[in-house]
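Dear colleague,

I am handing over the structure below, and my notes on it follow. Please read them alongside the coordinates.

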Amino acid sequence: MPSVLLIVRSVVSPLTRTRLFRRAAPRVLPTIEGIVTALSGGRMQLSALLVPSLVLHTTGAKSGAPRETALMYTPDGEGRAIVAGTSFARDRHPAWTYNLLATPDAVITVRGRRLGVRASLIGDEGRDAAWARIEAQWPGYRGYERESGRVVRLFLLQPVHEGRSRAGLEAEA
């Protein structure tokens, strides 16, 4: 990883754990992400400047309507992605996690490329390993779980296209 990126992460990471960030980010970041994504034609996300990011396209659990959410992801080392429903340490699970539980087949967009995925909830036996990978990418991220007072839902997103190589989401990171 380039040293500039490491320096930026080391400065930004502690800020993301502040109360001010957790309060403001859910309101401000989606708007900024939307503008950057629109201007880049879906090829760039603001969050992708710091961490691997994707847009998750799900089906609403109650409404059945299409939904989109920009998320950080962590490659699992086997061509899959791990996503965490931290929701900025809020006490409720984010809506997209309910959507995946109801309809695990989804689509992700990474750097303007769409890919079908199947989501599976990471159980107790895999949680510590998943969190270790996530925190290797973004130190302190599990703090959101501790501060939220709930067990954060972790999902593994498995590409469903047969032609996709093992390095699928690894190459995107």
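The side chain of His57 makes a polar contact with the side chain of Glu68 at 3.4 Å, a polar contact being a pair of N or O atoms within 3.5 Å, of which, within protein, one must be able to donate a hydrogen and the other to accept it, while residues adjacent in sequence count only if both atoms are side-chain atoms. A further polar contact, of 3.5 Å, links the side chains of His57 and Arg114.

This is a predicted model, in which local features need pLDDT of at least 70 and side-chain atom pairs count only at pLDDT 80 or more, whereas totals for chains, interfaces and linings use all residues. Residues are numbered from 1 along each chain as its sequence is written, and side-chain values use heavy atoms, with hydrogens and water left out.

His57 lies in strand β1 (strands are DSSP runs of E, at least two residues, numbered from the N terminus), and His57 is buried, with a relative accessible area of 14% (buried means under 20%, exposed over 50%, partly exposed in between, with a 1.4 Å probe and protein chains only).

Strand β1 (residues 53-59) pairs with strand β5 (residues 105-110) in the antiparallel sense over three bridges, where pairing requires that DSSP finds at least two bridges between the strands; Leu56 stands opposite Ile108 in β5. Strand β5 is in turn joined by six bridges to strand β6 (residues 113-121), and these two run antiparallel, with Val117 in β6 as the bridge partner of Ala106.

Best regards

Note on methods:
Helix = DSSP H or I, 4+ residues; strand = E, 2+ residues; numbered from the N terminus.
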